Amino acid sequence: MLTQAVVHRSFLNEQDDPALSSYDRLEYLGDAFLGWVAAAELYKRYPHYDEGELTRARAALVRGETLAEVARSVGLGAYLLLGQGEEASGGRDRTRNLAAALEAVIGATVLDQGEDAARSLVLRWLGPRIEAMGEAGVERDAKSALQEFLQGRGHSLPVYEPLSETGETQDRMFAVRVVVEGRPLGEGTGRRRSDAEQSAAREALAALQSTQAADA
């Protein structure tokens, strides 16, 4: 079961073993269990959070970037079983793969060791992040803040356009532009596309808020 939790579907295309399965089903189970544990822990620990704060806090804990960071901290990427193409394209450190495998490990733990052991594992991995939220709650990420700013003023949702992808697998850099109603508002870069989008959103939001302050 633990082996199944690290099998990417691309690996199956190069194997002759019909009994071998990918981590997809375990990921499904782990994702559901993880969301429940995070929600219950936040509800219990922070009774002053309203529904919106609880929702944002849970989203911050279970999003792919957070789970991939946890996976990297425990070296999970080294154990992934990947097809040659996925391996060559940097799949061992890809956020999506790491997050999915981490959820699959949680799912495998639920089935093999039971819910109490799986809950302890989740809290060991996410406990420091839950604790760090403290009394201050969770700030809206830049993309969410930009979307709320635009929607509150009757504008369309922002569109994130890729500009470039440079560098080798381990040093890849992404550049992204955010566009609203055909007008470029900001650009950003990052080692992951999601980081570049957040950077672009921050730049766009700062520009919009500056314009609003000048017009006031």
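From the N terminus on, the elements of the protein chain run α-α-α-α-α-α-α-α-β-β-β-α, which comes to 9 helices and 3 strands. Helices here are DSSP runs of H or I with at least four residues, strands are runs of E with at least two, and both are numbered from the N terminus. The model is predicted, so to speak of local features a pLDDT of at least 70 is needed, and side-chain atom pairs count only at pLDDT 80 or more, while totals for chains, interfaces and linings use all residues. Residues are numbered from 1 along each chain as its sequence is written, and side-chain values use heavy atoms, with hydrogens and water left out.

Along its principal axes, the C-alpha trace spans about 65 × 45 × 25 Å. Of the 216 residues in the chain, 42% are buried (buried means under 20% relative accessible area, exposed over 50%, and partly exposed in between, using a 1.4 Å probe and protein chains only). Take the contacts with a separation of 6 or more: 52% of them join residues 24 or more positions apart. A contact here means heavy atoms within 4.5 Å.

Now for the inside of the protein. The largest nonpolar core has 40 residues, and Leu42 and Met133 are those with the most contacts inside it. Such a core is a set of buried Ala, Val, Leu, Ile, Met, Phe, Trp, Tyr and Cys residues joined through side-chain atoms within 4.5 Å. At least two residues of this core come from each of α2 (24–45), α3, α4 (64–73), α6 (95–113) and α7, with α6 giving the largest share, 10 residues. Another core, of 17 residues, lies apart from it, and Phe149, Leu150, Val178 and Leu205 are among its members.

Phe149 and Leu150 also turn up in helix α8 (residues 142–151), where they are buried along with Ala142, Ala145 and Leu146. Seen down the axis of α8, the buried residues fall within an arc of 130 degrees, so they line one face of the helix; the arc is that of the directions from the helix axis to the C-beta atoms.

Two packed helices are described by the angle between their axes and the distance between the axes. For helix α3 (residues 51–62) and helix α7 (residues 115–133), the axes come within 11 Å and cross at roughly 145 degrees. Axes are lines fitted to C-alpha atoms, for helices over the stretch in contact, and angles run from 0 to 180 degrees between N-to-C directions. On the α3 side, Ala57, Ala60 and Leu61 meet Leu126, Arg129, Ile130 and Met133 of α7. These residues divide into 6 nonpolar, no polar and 1 charged, where Ala, Val, Leu, Ile, Met, Phe, Trp, Tyr, Cys and Pro count as nonpolar, Asp, Glu, Lys and Arg as charged, and the others, Gly among them, as polar.

Threonine 109 lies in helix α6 and is buried, at 15% relative accessible area. Leaving aside neighbours within four places in sequence, threonine 109 touches Gly114, Ala117, Ala118 and Leu121. Glycine 64, in helix α4, is partly exposed at 27%. Proline 18 sits in the loop between α1 (9–12) and α2 and counts as exposed, at 78% relative accessibility.
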